[in-house]
Amino acid sequence: MAKAALITGITGQDGSYLAEFLLAKGYEVHGLKRRASSFNTQRIDHIYQDPHEDARRLHLHYGDLTDSSNLTRILAAVEPDEVYNLGAQSHVAVSFEAPEYTADVDAMGTLRLLDAIRFLGLERKTRFYQASTSELYGQVQHSPQSESTPFHPRSPYAVAKLYAYWITVNYREAYGLFACNGILFNHESPRRGETFVTRKITRGLTNIAQGIEDCLFMGNIDAQRDWGHARDYVRAQWLMLQQGAPEDFVIATGQQHSVRDFIRWSAAELGVALRFEGDGVDEVAVVERVTSNMAPALRPGDVVMRIDPRYFRPAEVETLLGDASKAREKLGWRPEVSARQICAEMVAEDLRAARRQRLLMENGLGLPISIAS
Ligand code: NDP
Ligand code: GDR
């Protein structure tokens with residue numbers, strides 16, 4: 001019998017890669033999808049299977065982490081071997097604007113799922129993965145951060161995820177549930193949401209290079225992150241649920257770069273050398289040289305990035321760097337893609353989209369795309 005998995009957040013970056021990964025392993029994959037006024041399944045359209053096909057192995061269920069009765073009904077119907085709780089209001093800056101909703105989905109949503117598993121008597125059958133985060137470390141107490149580094153969350157998102165982390169540990173200790181926290185550091189891909197910093201940069205700069213936009217407006221470009229590839233990280237999520245006993249694991253590359261580095265690399269992928277000038281809110285990125293035909297709209301002296309304080313956060317996480325030794329030793333996991341390679345892959349994808357958009361616009365068929373975050 002094929003194993004069955006339920007993925008909340010299947011329409012998101014990680015959910016789409018995990019669904020592909022589990023289908024390739026022969027799983028029956030069930031996904032929770034939110035009702036929206038327009039289609040929100042673009043990331044999984046390529047693996048969609050028609051509900052009329054008898055042999056299909058991907059099933060989507062309407063649902064929401066704020067709705068217990070619906071979660072209970074889906075769990076009762078699917079009786080999954082594995083649950084991956086990836087669904088979340090996942091944007092840190094947005095969590096300052098919608099703190100209560102973020103807590104409801106990210107903290108209470110996790111409790112609702114765990115308690116539904118218990119209520120249905122599935123705690124001996126169903127293994128549970130919780131999408132925990134390096135944001136738990138927030139104001140970091142020690143570097144690099146490992147499973148034993150103390151937490152100090154710095155946003156409503158991180159505080160909600162702290163509750164989710166501990167309720168996962170609690171259901172493991174109290175009820176013997178096979179439940180694991182993956183403390184994942186930032187991971188990116190061409191499927192990354194457009195308002196997260198890496199995708200905002202690759203999409204913004206490719207649009208600017210093609211003459212679709214004029215300038216990228218950024219927040220704190222001194223922030224330092226440990227960026228890995230989402231495809232590498234979903235493999236770690238699965239590995240955690242295949243162990244003999246449930247444990248929590250840090251997943252990271254152990255390499256750190258600044259947002260400014262990511263801007264510089266993205267421009268370099270387009271054959272554009274940038275110079276950063278000025279300080280603080282007056283800092284700008286200026287084109288120094290253009291050495292390719294990928295940026296026909298740019299000339300030396302053009303300003304392609306400015307700072308806009310609206311993108312500063314009320315409390316910032318300045319620096320994150322992970323120590324994934326435990327995952328390396330116990331899971332045999334290691335990252336295969338570097339931050340620089342991820343940047344190249346993202347720029348290549350976004351350049352294709354920007355060129356398409358420019359062709360449409362030149363033929364009177366398209367409107368400029370907004371790069372606001
Ligand atoms: P995304 O923002 O790409 O995806 C989030 C998913 O959650 C989407 O499918 C979204 O649905 C769904 N969702 C949002 N609100 C609800 C709700 N109320 N009920 C049900 N589903 C909901 O996130 P990622 O794929 O990047 O991240 C996956 C998980 O991992 C998240 O929990 C995130 O917090 C966590 N995480 C991510 C890291 C990263 O660097 N990517 C690092 C560490 C942790 P819709 O498509 O309809 O919006
Ligand atoms: P993060 O990711 O907050 O780490 O959360 P994000 O890409 O949003 O920000 C990373 C850093 O870049 C700085 N920054 C900007 N960020 C955005 N979004 N837009 C900007 O214009 C900008 N300018 C500078 C931020 O201040 C920050 O320091 C992500 C999410 O996926 C979470 O769900 C996950 O838990 C963590 O990663 C690990």
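What span should the 12 residues of helix H1 (residues 13-24) have at 1.5 Å a residue, and how far apart are its end C-alpha atoms?

Modeller: This is a predicted model, in which local features need pLDDT of at least 70 and side-chain atom pairs count only at pLDDT 80 or more, while totals for chains, interfaces and linings use all residues. Residues are numbered from 1 along each chain as its sequence is written, and chains are lettered from A and ligands numbered from 1 in the order in which they are written.

With 12 residues, H1 should span 16 Å, and the 17 Å between its end C-alpha atoms agrees with this. The expected span is 1.5 Å times one less than the number of residues. Helices (H or I, at least four residues) and strands (E, at least two) are DSSP runs numbered from the N terminus.

The buried residues of H1 are Gln13, Asp14, Gly15, Ser16, Tyr17, Leu18, Ala19 and Leu22. A residue is buried if 20 or more other C-beta atoms, placed from the backbone, lie within 10 Å of its own, exposed if 12 or fewer, and partly exposed in between. The cover over these buried residues includes strands E1 (4-8), E2 (28-33), E3 (58-62) and E4 (82-85), together with helix H7 (230-240); contact requires C-beta atoms, placed from the backbone, within 7 Å. Just after H1, Gly26 adopts a positive phi of about 90°.

In total, 26 residues surround ligand 1, and the closest are Gly9, Gly12, Gly87, Ala88 and Ala131; a residue counts as near if its C-beta atom, placed from the backbone, lies within 6 Å. H1 and E5 are the elements that give two or more residues to this shell, and H1 provides the largest share, three residues. By class, the shell around ligand 1 has eight nonpolar, 15 polar and three charged residues. Here Ala, Val, Leu, Ile, Met, Phe, Trp, Tyr, Cys and Pro count as nonpolar, Asp, Glu, Lys and Arg as charged, and the others, Gly among them, as polar.

Among the buried residues of H4 are Thr102, Asp106, Arg112 and Ile117. The buried residues of H4 pack against helix H2 (68-78), E4, H3, strand E5 (127-133) and helix H5 (156-175).

Ligand 2 has 24 residues around it, of which Val92, Thr133, Val197, Gly219 and Ala223 come nearest. Helices H3 (92-97) and H6 (197-209) each supply at least two residues of this shell, whose classes are 11 nonpolar, eight polar and five charged. Domain 1 (4-184) and domain 2 (197-224 + 258-317 + 338-362) each contribute at least three residues to the shell around ligand 2; the bounds come from an automatic or database domain assignment.

The centres of the two domains, taken over C-alpha atoms, are 32 Å apart. Seven residues from domain 1 and five residues from domain 2 form the contact. On the domain 1 side there are three nonpolar, two polar and two charged residues.

Key. Contact = placed C-beta atoms within 7 Å.
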